[in-house]
Amino acid sequence: MAEFDKKLDLLHLRGQWQYDAQLIQLTDGPIPAGIPFLWSRELAQRALAEMCTAVSGDTARRNFTFINPAPDVNGTTQTIAMGMQITLPGEIAWAHRHSINALRFVVDGSPALYTAVDGERLPMEDGDLIITPAYTWHDHHNESAKRGVWLDILDVPLMGYLRQLFFEPFGGSTQPLHQDAANHISSRASHIRPAWEAQQCDRIPFRYAWSDVRAALATHQHSPGSRFDGVILRYAHPVTGGPTLPTIDCFAQLLRPGLHTERHRHTSSAVYYVVEGEGATVVGDEELEWSAGDSFVVPNWMWHSHVNRSGDTPAVLFSATDAPVLEALGMYREEPHPSFGIASGPTVPADLARRRSAERP
Ligand SMILES: [Fe+2]
Ligand SMILES: [Fe+2]
């Protein structure tokens with residue numbers, strides 16, 4: 001058989017039997033990509049500070065990505081890259097656009113820190129979420145007297161895997177801003193919009209103000225919420241009502257004091273940032289202990305639950321997932337723990353089962 005496999009190999013062919021041993025490992029679903037991991041606030045702050053001396057603001061954007069320690073993942077998850085960026089007073093991160101969908105969640109903001117998106121100035125105050133959908137021109141400006149820090153979350157590993165990367169510099173460090181609000185795409189695509197023109201595309205510049213999101217969490221804080229996520233709110237797209245971006249959906253969730261959510265798993269992967277409080281997320285056998293300012297990753301198809309360790313203070317998490325990609329493909333799946341169905345699946349044919357047990361270390 002090995003000789004025949006070699007023969008096929010030379011012809012650029014492969015027999016189905018070569019896959020069977022791998023397929024038989026998948027009766028409990030996909031093998032997760034990457035591992036659960038946490039980057040502490042202290043680690044990130046130190047790297048940001050050192051980046052300010054190591055990287056000149058004139059030549060490069062000061063951004064790092066949280067790279068999953070597992071070798072099979074080229075990002076934070078197999079589809080999402082989360083990172084942090086810092087700009088010093090007076091600096092500009094130069095204008096460009098790309099096929100990558102991106103968003104910014106502000107860590108250290110100010111009304112004078114802003115992102116220009118397709119000619120609109122979107123202020124970046126603490127906790128604000130700014131979306132820069134694929135092909136929107138964007139540049140970042142720090143006109144404040146203090147440093148500006150935000151999380152960048154992008155679908156770059158997915159676009160890279162699909163070989164869909166397009167990138168275009170604007171040609172100058174900044175794009176001109178529309179002075180007349182009538183020219184703003186966001187005003188022409190809002191709930192009250194011009195009736196004399198066709199609906200604008202769904203790639204609109206948009207800012208979700210943290211003051212609105214935090215107030216909404218407070219409004220719902222006594223609602224039953226989700227068994228698995230507590231009081232969790234979705235950043236719905238302002239025009240479509242669908243996911244925040246075509247490939248990424250964002251959430252803010254409040255875990256009441258002392259809450260320990262039930263375990264579940266889903267085919268989507270997720271990246272998290274801790275906005276308030278302290279607790280833990282248990283992923284598989286790992287316990288990721290977190291507090292405000294920490295970032296962590298929950299890989300796809302791993303059992304997980306969240307714990308708020310405090311008896312009197314709520315915890316608030318911001319998260320982004322690749323669920324819209326899986327939903328578009330009809331592949332989104334979620335299971336509560338204990339799972340139903342898995343244990344009662346059909347048995348593996350005896351010869352394959354023997355091979356599987358022989359291959360186990
Ligand atoms: Fe960009
Ligand atoms: Fe989850």
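**Entry 1: the iron ion, ligand 1**

I started with two histidines, His96 and His138, and I found that both are buried. I keep in mind that this is a predicted model. Next I looked up what holds the iron ion (ligand 1): its protein donors are His96, His98 and His138, each through its NE2 atom, lying 2.2 Å from the ion. Along the chain these donors follow the spacing H-x1-H-x39-H. His96 sits in strand 4 (residues 92-98) and His138 in strand 9, so I noted a link between distant parts of the chain, 42 residues apart.

**Entry 2: the iron ion, ligand 2**

Which residues donate to the iron ion (ligand 2)? I found His264, His266 and His304, again listed with their NE2 atoms, at 2.1 to 2.2 Å from the ion. The spacing here reads H-x1-H-x37-H. His264 belongs to strand 15 (residues 264-266) and His304 to strand 20 (residues 304-308), and this pair links parts of the chain 40 residues apart. I checked the cover too: His264 and His304 are buried.

**Entry 3: aromatic rings**

I turned to the rings next and counted 14 aromatic pairs. One of them is Trp137 with Phe170: the centres are 5.0 Å apart and the planes stand at 85 degrees, so I wrote it down as edge-to-face. Both residues sit in loops, Trp137 between strand 8 (129-132) and strand 9 (138-142), Phe170 between strand 11 (167-169) and helix 5 (185-188), and they are 33 residues apart. Are these two buried or partly exposed? Trp137 has 16% relative accessibility and counts as buried, while Phe170, at 32%, counts as partly exposed.

Another edge-to-face pair is Tyr208 and Tyr235, with 5.1 Å from centre to centre and 80 degrees between the planes. Tyr208 is in strand 12 (residues 206-208) and Tyr235 in the loop between strand 13 (231-234) and strand 14 (249-255), so this pair ties together parts 27 residues apart in sequence. Tyr208 is buried at 10%, and Tyr235 is buried at 4%. I also found them in a cluster linked by ring pairs, together with Phe105, Phe206, Trp210, Tyr273 and Phe318.

**Entry 4: charges over rings**

I looked for arginines above rings. Arg61 lies over the face of Trp94, at 5.0 Å from the ring centre. The charged end of Arg121 sits over the ring of Tyr114, 4.1 Å from its centre.

**Entry 5: salt bridges**

A reminder to myself: side chains of opposite charge can pair when their charged atoms come close. I counted 17 salt bridges. In one of them, Glu335 meets Arg265 with the closest N and O atoms 3.1 Å apart. Glu335 is in strand 22 (residues 334-336) and Arg265 in strand 15, so the bridge ties together parts that are 70 residues apart in sequence. Glu335 is buried at 3%, and Arg265 is buried at 3%.

Arg309 has two partners in my notes. Its side chain meets Glu287 at 2.9 Å, N to O, and it meets Glu289 at 2.6 Å. Glu289 lies in strand 18 and Arg309 in the loop between strand 20 and strand 21, 20 residues apart. Arg309 is partly exposed at 43%, Glu287 is partly exposed at 46%, and Glu289 is partly exposed at 45%.

**Entry 6: a surface patch**

Tyr19, Leu23, Leu26 and Ile31 make a nonpolar patch of about 370 Å². Leu26 is in the loop between helix 2 (17-23) and strand 1 (37-39), and it is partly exposed, with a relative accessible area of 36%.

Technical notes. Residues are numbered from 1 along each chain as its sequence is written. Chains are lettered from A and ligands numbered from 1 in the order in which they are written. Side-chain values use heavy atoms; hydrogens and water are left out. Donors are N, O and S atoms within 2.8 Å of the metal (3.2 Å for Na, K and Ca); water is not among the atoms, so sites may look incomplete. Helices (H or I, at least four residues) and strands (E, at least two) are DSSP runs, numbered from the N terminus. Buried means under 20% relative accessible area, exposed over 50%, partly exposed in between (1.4 Å probe, protein chains only). Patches are made of residues with over 30% relative accessible area and no salt bridge: like charges are joined within 9 Å, nonpolar side chains (Val, Leu, Ile, Met, Phe, Trp, Tyr) within 5 Å. Accessible areas come from the Shrake-Rupley method with a 1.4 Å probe; for residues, only the protein chains shown count as cover. A salt bridge is a side-chain nitrogen of Lys or Arg within 4 Å of a carboxyl oxygen of Asp or Glu. Rings of Phe, Tyr and Trp (its six-membered ring) pair if their centres lie within 6.5 Å; planes under 30 degrees apart count as stacked, over 60 as edge-to-face and the rest as tilted. A charge sits over a ring if NZ of Lys or CZ of Arg is within 6 Å of the ring centre and within 35 degrees of the ring normal.
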